[in-house]
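Colleague: I am new to this structure and would like to go through it step by step. Could we begin with the side chains and their rings?

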Amino acid sequence: MIRNTAAYARWNRPATVVAELRRRNPLLFAVAALNAALFVGFAAGIALDPRTVGGEPVWLKPAKFAGSIALFTATLGWIGHHLPVADSTLRRASLAVATASVVEITLIAGQAARGVESHFNQSTAFDTAVYAVMGLTIVAMVAVVAWLLVRAWRREFAVAPAYEWGICLGIALFVVGSYEGGAMVVLEASAVDSSPAIPVVGWNAGGDFRAAHFLGLHALQALPLAGYLASEASEKGRLARPVRAVQLVAAGYATLLVAAFTHALAPALG
């Protein structure tokens with residue numbers, strides 16, 4: 001079995017993980033660190049700024065997106081290290097993702113500072129332009145991630161097969177889940193009914209595209225982690241067929257993703 005020492009080390013200290021992420025991809029590390037800091041700042045803004053937008057604290061959406069971008073760029077920086085692509089390819093992709101991430105959080109925070117919605121806001125020409133740029137930026141960023149997967153497909157990874165499958169399937173479902181967000185753009189809403197909201201997350205119980213979108217985005221963390229754990233279990237003799245285990249986890253995850261999307265779409269079809 002092929003092993004990668006860095007990938008299979010015992011990352012039991014946060015400082016070690018941070019140092020390794022910085023070594024693997026300094027640019028995406030910087031973007032992740034920036035958004036982590038912004039998350040803290042926006043969280044403080046929730047407590048200090050009494051303004052609301054759409055019934056929510058004005059800085060809540062920027063905080064959510066800053067946290068999401070920090071996790072996304074950190075994860076891509078970590079697993080991107082294992083993709084069998086040229087260094088120049090990974091650098092160009094990292095620059096594109098970093099630029100898109102900075103543009104996205106800047107626009108969202110800017111709209112929050114103005115006290116207006118960043119999404120589905122076409123009340124003025126400026127707001128429409130901001131919304132359009134945000135959408136195009138996300139589409140382009142996800143396309144870059146998909147391009148990395150295509151370039152890496154059917155090439156030899158320097159990690160265990162189960163981890164390889166976890167990385168590839170995680171990226172694939174991330175792309176699918178990201179583009180599922182296009183349904184919200186087409187319908188100009190995150191949900192198509194007015195059922196009560198689920199506590200904490202705020203999603204509509206009757207169907208909300210944000211649930212499917214959330215599941216798709218976090219496939220980028222869930223499936224590579226499943227692959228890593230399956231590989232470790234196999235190394236210790238606790239799992240006989242690690243690749244099959246990862247494939248089954250991915251199939252279950254994809255089924256859940258489709259079910260969430262179908263549940264959100266049902267009110268529109270009915």
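Predicted model: local features only at pLDDT ≥ 70, side-chain atom pairs only at ≥ 80, totals over all residues.

Modeller: In it, the charged end of Arg24 lies over the ring of Trp78, at 3.8 Å from the ring centre.

Colleague: How many aromatic pairs are there by the rule used?

Modeller: Rings of Phe, Tyr and Trp pair if their centres lie within 6.5 Å. Counted by this rule, the aromatic pairs number four.

Colleague: Are the rings of Phe42 and Trp59 stacked, edge-to-face or tilted?

Modeller: The centres of Phe42 and Trp59 are 5.5 Å apart. Planes under 30 degrees apart count as stacked. The planes of Phe42 and Trp59 are at 10 degrees, so the pair is stacked.

Colleague: Where in the chain do Phe42 and Trp59 lie, and how many residues apart are they?

Modeller: Phe42 belongs to helix H3, residues 26-48. Trp59 is in the loop between strand S2 (56-57) and helix H4 (60-80).

Colleague: Which parts does the pair of Phe72 and Phe174 tie together?

Modeller: The ring centres of Phe72 and Phe174 are 5.3 Å apart with planes at 10 degrees, so this pair is stacked. Phe72 and Phe174 are both buried. They are 102 residues apart in sequence, and the parts tied together are helix H4 and helix H7 (residues 161-180).

Colleague: What span does helix H5 reach from its first C-alpha to its last?

Modeller: Helix H5 covers residues 87-114, which is 28 residues. At 1.5 Å a residue, 40 Å is expected. The span in the model is close to that, at 41 Å.

Definitions and conventions. Residues numbered from 1 in each chain as written. Heavy atoms only, no water. Helix = DSSP H or I, 4+ residues; strand = E, 2+ residues; numbered from the N terminus. Expected span 1.5 Å × (residues − 1). Phe/Tyr/Trp six-rings, centres within 6.5 Å; stacked < 30°, edge-to-face > 60°. Buried < 20%, exposed > 50% of the residue type's maximum accessible area, 1.4 Å probe, protein only. Lys NZ or Arg CZ within 6 Å of the ring centre and 35° of its normal.
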